Amino acid sequence: MTTRVRLSRPPHLAFLQSWGRATDGQWWAGVVWLDVIHGLPFELSIQPVLQTGWTPGATVEAVPGESYGGVARFPLPEHGDWPAPSPIWAGSRWAGLIWNYGPLSGAKLSLPFGASGAPWR
């Protein structure tokens, strides 16, 4: 199940895939979002890229009208070797390019695959 959330850090709007509880007891949100990237290494083409990451639960804000009751919850392994959030988009497994950031630090996100262009959001 995926449902929209607002984040207080980049990417600011995403879909919540799951909740993970770290070994220190902190909850993290597994989120996904879609950007269309242009520039190198894609030459002049544009490519949709599904991006995933984990953000601290404190950075997540509910979106009015969304239902969060069915969002999966599970323990996260130690040492930050966390699985990428599930690459589900529009109810189906994403068949295109996927980029996992891992834990999101709150800093501006670098472009996936070393792209030199800009995201079209």
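A residue is termed buried when its relative accessible area is under 20%, exposed when it is over 50%, and partly exposed in between. In the predicted model described here, E61 has a relative accessible area of 47% and is therefore partly exposed.

Two salt bridges were identified in the structure. In one of them, E61 is joined to R6, with the closest N and O atoms 4.0 Å apart. R6 has a relative accessibility of 38% and so counts as partly exposed. A salt bridge is also formed by R4 and E66, whose closest N and O atoms are 2.7 Å apart. Here too the partners come from distant parts of the chain: R4 is in strand β1 (residues 3-7), whereas E66 is in the loop between β5 (60-62) and β6 (72-75), at a separation of 62 residues. R4 is partly exposed because its relative accessible area is 34%, and E66 is partly exposed because its value is 25%.

The pairing of strands was examined next. Strand β2 (residues 13-21) runs antiparallel to β3, and six bridges join the two. Within this pairing, F15 is placed opposite V32 of β3. The two strands make up a hairpin in which five residues lie between β2 and β3. In the turn of this hairpin, G25 adopts a positive phi of about 95 degrees. β3 also pairs with strand β4 (residues 46-56), again in the antiparallel sense, over eleven bridges. One of the residues involved is I37, which has Q47 in β4 as its bridge partner.

Across the whole structure, six aromatic pairs were found. W33 and Y101 form a stacked pair, with ring centres 5.8 Å apart and an angle of 15 degrees between the planes. The pair bridges distant parts of the chain, as W33 is located in strand β3 (residues 27-38) and Y101 in strand β9, 68 residues away. Both W33 and Y101 are buried. Y101 is buried because its relative accessible area is 18%, which lies under the 20% limit. W99, with a relative accessible area of 27%, is therefore partly exposed.

Elsewhere, ring pairs connect W28, W54, F74 and W82 into a cluster. An aromatic ring also meets a charged side chain: R73 is positioned over the face of W27, at 5.4 Å from the ring centre.

Finally, F113 was considered. This residue is found in the loop between β9 (97-103) and β10 (119-120). Its relative accessibility is 31%, so F113 counts as partly exposed. Although F113 and V49 are 64 residues apart in sequence, their C-alpha atoms are 9.7 Å apart in space.

Terms used
Residues are numbered from 1 along each chain as its sequence is written. This is a predicted model: local features need pLDDT of at least 70, side-chain atom pairs count only at pLDDT 80 or more; totals for chains, interfaces and linings use all residues. Side-chain values use heavy atoms; hydrogens and water are left out. Helices (H or I, at least four residues) and strands (E, at least two) are DSSP runs, numbered from the N terminus. Buried means under 20% relative accessible area, exposed over 50%, partly exposed in between (1.4 Å probe, protein chains only). Rings of Phe, Tyr and Trp (its six-membered ring) pair if their centres lie within 6.5 Å; planes under 30 degrees apart count as stacked, over 60 as edge-to-face and the rest as tilted. A charge sits over a ring if NZ of Lys or CZ of Arg is within 6 Å of the ring centre and within 35 degrees of the ring normal. Two strands pair if DSSP finds at least two bridges between them. A salt bridge is a side-chain nitrogen of Lys or Arg within 4 Å of a carboxyl oxygen of Asp or Glu.
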